[in-house]
Every structure is written in structure tokens, then in C-alpha cells.
Amino acid sequence: MYGYAAYFRTSATMTISSLTAHTCIHIMLTMLAMLVLLPTHVPIAAAFAGRQSSSSLHRHSYSAPASSTSTTAAATSTTVLHAEKTACLGMGCFWKPSETMLSVPGVTSTMAGYSGKADATKPPLYSDVCASRDWVEAVRVTFDDEQITYPELLDAYFESQEAKPGYRQYAPIIFACGEEQMAESQAWLTKAREEGRVGNGGIPALAIAVEPATKFYKAENYHQTFWQKNRPRFAFGVVLLAVSSGALNSIIPSADIARSVETGANYVFLIGAVAMQAERWLDKDVVEVPV
């Protein structure tokens, strides 16, 4: 009887150990799929704040209360239209500025892209921009001018600079969309230079330039909402590296399970790294967007 009891205890322990190891690996693979393998062009911020907008008009509908004297008791519907405007701004590497500008009250969406080449006839790839002396990494900003004026938007732009003067690709340039924006941009810049303003990024107003807007091309999808997507990926990568280095071994009941967990973490990290690189290789979708 004692022999059978010992046998069952041993079998149960081995089964639980096996399940524990496979469960750990399964959890890591599931997390990887959520962070890397799901479509990454869907803006994460939109899922929480609903800030991204693909339309230049916001429509807000509501039903008026039915009149008590109305024989039909029918409610009428009213639609209010709020026009939006766009701005095109060179701010350095567009990853961080596109996120920063999205947090400005009155800004409804941002888009990372390429602009500044006056004679452009076809969409560039990121590699073309890096090898060019014409293209500028720019942020297309959509804003509600009832909530924020264009000069106020330029104030936010100035304080959000990540520009690198001397490099066309990362130049601090205001691409004025039309005569009205050109006049407002020049007036704003003249005042900023007279005041000797220096932005939070250390960029002086003297370094800012104003140019007429040229064609704007939306950058590859892996550039859009870059940090919103990649912060959790990078954090998960650090966790995987720690696990693969034995950070959890002290709390894992057996050496076999510990080795399985380390191996699983290594595989998941490698799969994630390859998937992120493949995203760059495969994503060549650059399209012209009106400004």
C-alpha cells in the first residue's frame, strides 16, 4: 500500500512540474503574440482616449426633446459640424513629437511622415529619407481651431522640439499650408526671435525655418504611434532577458523547470526580435496624404 501511495505522489509531482513549465512558456508566448504578432498599425492611444480621427469633420448629433404640444411627438435631429485644420511640422525624429503633440488640448490626431522635397513625384521609403538631403521627417497635426489657434499650436510645437539643426532630415521647419498659415507662421517666428525664445529642447527660435508646404507622405506603419506600441514590447523584452538569465530560479521548485523556463524565455525573445525586424522589412506602405 505504501508503495502505491509513493508512486502516485511521484506521478502527481511530475505532472504538476510538467504543467508548470509548459504553462510558463504558454503565458510568455501569449504575451508575445499580444505585443508583437497582432496588427500593429492600430493606434493604441485610440483604444483608450479615442483621440485619433480619420475625418476632417467631427459630427455630433443629438435629439431634441419632443414638444408636449406636438401631435406627432416626433423628435428632431440636429447635426453640429466642427471643421478641423492641419499643420505640417518638422520637429526632428518624429517618434516622440508625434506622441507629444497628440497630448496638446485641441489636437485631434497626429501622423508621422515625410515632407520637404518640392519636386517629389513618388513616395519615399525610410531608407530614401535617411540617404537624402531633401526629405524632412515631419508630423502632420490635425487640430480644432475652436479649441487652439494656429499660433498657440506653434507655441506647443516650439516646446516639443526634438530637432537637430544642421541635418535636413531632422530640421526644425514649419511647413505653412496656404497663405494664411504662411503669414501667421512668419509673424509668430518674427516675434519669437525678437524675444530670444529657446524651447525646452534647447532649440532657439533663430534655428526655426518657415517653408511652403510640399507633398506630405504618411510614413510606414511601424513609425506610427511608435512609442505607444514599443514601450510595452521593450519592457517585456527586458523581463524575458531577466528570466532567461535565471532571475526566477530561486522561486522555481526544480532545476528541470528552471531550465525549461529559461529556454522558453530565450525562444520568445528571439521570436519577438525577428517579428519586429520583419515588420520593418515587410511594411513599405507609404502614401500621400493631403495637408
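The protein chain contains eight helices and nine strands, where helices (H or I, at least four residues) and strands (E, at least two) are DSSP runs numbered from the N terminus. The model is predicted, and local features need pLDDT of at least 70, side-chain atom pairs count only at pLDDT 80 or more, and totals for chains, interfaces and linings use all residues. Residues are numbered from 1 along each chain as its sequence is written, and side-chain values use heavy atoms, with hydrogens and water left out.

Of the 291 residues in the protein chain, 38% count as buried; buried means under 20% relative accessible area, exposed over 50%, and partly exposed in between (1.4 Å probe, protein chains only). Among contacts in the protein chain with a separation of 6 or more, 77% are between residues 24 or more positions apart, a contact being heavy atoms within 4.5 Å.

Helix H5 spans residues 150-159, and its buried residues are Tyr 150, Leu 153, Leu 154, Ala 156, Tyr 157 and Phe 158. The cover over these buried residues includes strands S3 (85-90), S4 (107-115), S5 (136-143) and S6 (173-176), together with helices H3 (95-102) and H6 (179-194).

Eight aromatic pairs are found in a search of the whole structure. Rings of Phe, Tyr and Trp (its six-membered ring) pair if their centres lie within 6.5 Å; planes under 30 degrees apart count as stacked, over 60 as edge-to-face and the rest as tilted. The pair of Phe 94 and Tyr 114 is tilted, because the ring centres are 5.9 Å apart and the planes are at 40°. This pair links distant parts of the chain, with Phe 94 in the loop between S3 and H3 and Tyr 114 in strand S4, 20 residues apart. Both Phe 94 and Tyr 114 are buried. Phe 158 and Trp 188 form an edge-to-face pair, because their ring centres are 5.8 Å apart and their planes are at 70°. Here helix H5, which holds Phe 158, is linked to helix H6, which holds Trp 188, across 30 residues of the chain. Phe 158 has 0% relative accessibility and therefore counts as buried; Trp 188, at 8%, also counts as buried.

Ile 203 is buried, because its relative accessible area is 7%. The C-alpha atoms of Ile 203 and Gln 161 are separated by 7.0 Å, although the two residues are 42 residues apart along the chain.

Two further loop residues were examined. Thr 214 lies between strand S7 (209-212) and strand S8 (216-218), and counts as buried because its relative accessibility is 19%. The side chain of Thr 214 reaches the backbone nitrogen of Gly 116 at 2.9 Å. Thr 225 is in the loop between S8 and helix H7 (226-244) and is buried, with a relative accessible area of 11%. The phi of Thr 225 is near 45°, a positive value in a residue other than glycine. Most residues other than glycine have a negative phi.

Ten salt bridges are present in the structure, each defined as a side-chain nitrogen of Lys or Arg within 4 Å of a carboxyl oxygen of Asp or Glu. In one of them, the closest N and O atoms of Glu 99 and Arg 231 are 3.0 Å apart. That pair links helix H3, with Glu 99, to helix H7, with Arg 231, 132 residues apart. Glu 99 is partly exposed at 22% relative accessible area, and Arg 231 is partly exposed at 43%. Arg 259 and Asp 256 form a salt bridge at 2.3 Å, N to O; both lie in helix H8, three residues apart, about one turn of the helix.

Conventions
Polar contact = N/O pair within 3.5 Å; in protein donor to acceptor, adjacent residues only side chain to side chain.
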